[in-house]
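User: I would like to learn how to read the features of a model such as this one, step by step. Could we take burial, strand pairing, chain symmetry and backbone angles in turn?

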2 protein chains.
Amino acid sequence: MAGGRLGEFEFIARLLRPLASAVAGAEGLGDDTAHLTPPAGHEIVVTTDALVCGVHFLAHHPPDLIARKALRVNVSDLAAAAARPWTYQLALALSDDIDDAWLTAFCDGLALDQRAFGIDLTGGDTVSTPGPLTIAVTALGLVPTGRSLGRAGARVGDAVFVSGMIGDGALGLRASKGELAGANGDDVAALAARYLLPQPRAALGPRLRDFAHACMDVSDGLIGDLGHICARSAVAAVVDVARVPLSEPARRAIERDARLLELAITGGDDYELLFTAPASVRDALVALSKDVGVPITEIGRIEAGEGVRAMRGCNPMTLERPSYRHR
Amino acid sequence: MAGGRLGEFEFIARLLRPLASAVAGAEGLGDDTAHLTPPAGHEIVVTTDALVCGVHFLAHHPPDLIARKALRVNVSDLAAAAARPWTYQLALALSDDIDDAWLTAFCDGLALDQRAFGIDLTGGDTVSTPGPLTIAVTALGLVPTGRSLGRAGARVGDAVFVSGMIGDGALGLRASKGELAGANGDDVAALAARYLLPQPRAALGPRLRDFAHACMDVSDGLIGDLGHICARSAVAAVVDVARVPLSEPARRAIERDARLLELAITGGDDYELLFTAPASVRDALVALSKDVGVPITEIGRIEAGEGVRAMRGCNPMTLERPSYRHR
């Protein structure tokens, strides 16, 4: 199956070096280290995400999409911190079946999303593994000092907002496995694409500095992640499930099988921004939504107490599994 | 074999959070991101190393030593850049056989070396893998702006120096596998310990700013790594093999089997600092060596041309494999 593979040094020289050409301190990956100076008045935001073949993606997925997903889940974390992408380090543990064609397509995917999100490779490590392909990205972002957002800071009386559409990630995983019974081909393709290639809200995140009290990205599921905000902020939240924004393919899937609604609001991999802000900024958020071209929907409110209640009208919704846990 | 394992959130709360307590911007790992501000007048040095079970360490190795090695190989890269350790991100892909006792010992090892090297955890990611345990560390160091060292910069006329002892890493790997024929128990233990737990020259590295033109750490083998300096600096190097510093256990192993000399100077995992400096700083380096308690040995010189010649007296030594390649 393997069509031959470049040695480590050739891989770096031919495929990785062009990805690092824009960064002065990376010296074209000629050193074991890169040196970087954040612009004055900025702090660094740092995040790490690891992806394992068979767990976070499948062996037959296109290598360029795997690369872009590995980068995008980190860009999403930076966006949630209101930071703009800056640089990243790439640790690759390559399995035997990875050949030059795969590596080339993988690096093409990185190049594409480096341009899309304004982030550059500064270094990393490439090793062999007898196990599945494993990718760990550590990304650095920049934010004006003291202006980053996080899970803490939600206040009683805040409204809860979410960007984009919720549930496409979890439904898309089902769709990509052929497990979405009754869905038409277009819906399967649309949902699977959303799972394969998330859309991190890189433009929206830094704009939320002026509005949001707390922010995170939805990676473990809407309800569970809102629970993280509540725990860190020492508040409770109520979500009006009927207001949770669903894509048309997701809505159709849930109409066919009502149990999928719970999956949509508790499944992971949406990479939308979930944030709390004073209700008084509603109008400003409508304008911001138009400006960045990303829907923003109010789905609930912050109260005193602890935990998250999902409500359908006046009735609490009992959830079997409030949050997907990646293990 | 597995004695049960904490969930991801419990693992973070109980074992990882204490490792991040010293960093204000890490918020006790309560967020997906950490925010960091380098002190004024400093730039950040960043490096990544990945270790795979069965490739870079073995399953029966003590978990605390595996943790410390994962941290130390990165600290060594920072030292080679003349940077002092600052923070790190940890990506862990855990195999099924990893239980709580293993994780606890692993984190104890991290805690020990965090104190030893003045570095703190700021975040990371923990995932499951059906394959071998895989550890990727991205470490950040600090260096006064414009004062970092790298592979480029060696000048014709420089002397070549190395810290500590060379060859213990590669001979130690042999020893730890029981493949060092004729060695006594003490020598096997001493060499294996050097392989299992390298001694990064964290105190020496930043002190070399005042002397060295080029610097790197010996991870792929002395001759091969000197070749990297030559390539990046567009110079050649000559090494007097008789002057390469060997530990007593290494010397005895080579006396029994002369072929091991080549392994010593081309094998990897020494994590000593290899640097070039004007011959005029010899005396200052003697004083520095005493001050930091690390031997510094002059082993060769930089010339015009390209490549590395290993000389035994007046005779060039032909090397079968100039450098170990990690793949």
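Analyst: Let us begin with burial, for which a cut-off is needed: a residue is called buried if 20 or more other C-beta atoms lie within 10 Å of its own, and exposed if 12 or fewer do. Please keep in mind throughout that this is a predicted model.

User: Which residues of H5(A) are buried?

Analyst: In helix H5 of chain A, which covers residues 185-196, the buried residues are A:Asp187, A:Val188, A:Leu191, A:Ala192, A:Arg194, A:Tyr195 and A:Leu196. The cover over these buried residues includes helix H2 (63-80), helix H4 (168-176) and helix H8 (248-256) of chain A. The length of H5(A) can be checked as well: at 1.5 Å a residue its twelve residues should span 16 Å, and because the end C-alpha atoms are 16 Å apart, the expectation and the model agree.

User: How many residues of helix H10 of chain B are buried?

Analyst: Helix H10 of chain B, residues 282-292, is hardly covered, with a count of one buried residue among its eleven. After H10(B) comes B:Gly293, whose phi is positive, near 70°. On the strand side, S4 of chain A (residues 120-128) is mostly covered, seven of its nine residues being buried.

User: What does S4(A) pair with, and in which sense, parallel or antiparallel?

Analyst: The general idea is that strands of a sheet pair through backbone hydrogen bonds, either parallel or antiparallel. Here, strand S3 (residues 84-94) of chain A is joined to S4(A) by eight bridges, and the two run parallel; along this pairing, A:Tyr88 stands opposite A:Leu121 in S4(A).

User: What is the strand order of the open sheet of seven strands in chain B?

Analyst: Its order is S7-S9-S6-S10-S8-S11-S12, and the pairing is mixed. The edge strands, each of which pairs on one side only, are S7 (214-217) and S12 (315-316) of chain B. At the S12 end, strand S11 (residues 307-312) and S12 of chain B pair in the antiparallel sense over two bridges, with B:Met311 opposite B:Pro316 in S12(B). Helix H7 (residues 222-233) of chain B lies across S6 (158-163), S7, S8 (236-240), S9 (273-278) and S11 of chain B, and runs at about 140° to S11(B).

User: How are chain A and chain B related?

Analyst: As a general idea, two copies of a chain are related by a rotation about an axis and a shift along it. In this model, a rotation of 180° with 0.0 Å of shift along its axis superposes chain B on chain A, with an RMSD of 0.0 Å, and the two copies are therefore related as by a two-fold rotation axis. The same surface serves both copies, in that 100% of the contact residues of chain B recur in chain A. Of the residues of chain B, B:Gly131 comes closest to the rotation axis, its C-alpha lying at 2.1 Å.

User: How many residues are in contact between the chains, and which element of chain B gives the most?

Analyst: The contact involves 54 residues of chain B and 54 residues of chain A. Among the elements of chain B that each supply at least two residues are strand S1 (34-36), strand S2 (42-52) and helix H2 (63-80), and S2(B) gives the most, with nine residues. The residues on this side of chain B divide into 21 nonpolar, 21 polar and twelve charged. Strand pairing also crosses between the chains: strand S1 (residues 34-36) of chain A and S2(B) pair in the antiparallel sense over three bridges, where the bridge partner of A:Leu36 is B:Ile44.

User: Turning to backbone angles, is A:Ala234 buried or exposed, and what is its phi?

Analyst: Phi of A:Ala234 is near 55°, a positive value in a residue other than glycine. The residue sits in the loop between helix H7 (222-233) and strand S8 (236-240) of chain A, and because it has 12 C-beta neighbours inside 10 Å, A:Ala234 counts as exposed.

User: Where does B:Asp269 lie, and is B:Asp269 buried or exposed?

Analyst: B:Asp269 is in the loop between helix H9 (260-266) and S9 of chain B, and phi of B:Asp269 is near 70°, again a positive value in a residue other than glycine. With 24 C-beta neighbours inside 10 Å, B:Asp269 counts as buried.

Notes:
Residues are numbered from 1 along each chain as its sequence is written. Chains are lettered from A and ligands numbered from 1 in the order in which they are written. This is a predicted model: local features need pLDDT of at least 70, side-chain atom pairs count only at pLDDT 80 or more; totals for chains, interfaces and linings use all residues. Two strands pair if DSSP finds at least two bridges between them. Helices (H or I, at least four residues) and strands (E, at least two) are DSSP runs, numbered from the N terminus. Two residues are in contact if their C-beta atoms, placed from the backbone, lie within 7 Å. Axes are lines fitted to C-alpha atoms, for helices over the stretch in contact, and angles run from 0 to 180 degrees between N-to-C directions. Copies are superposed by least squares on the C-alpha atoms of residues with pLDDT of at least 70 in both. The expected span of a helix is 1.5 Å times one less than its number of residues. Ala, Val, Leu, Ile, Met, Phe, Trp, Tyr, Cys and Pro count as nonpolar, Asp, Glu, Lys and Arg as charged, and the others, Gly among them, as polar.
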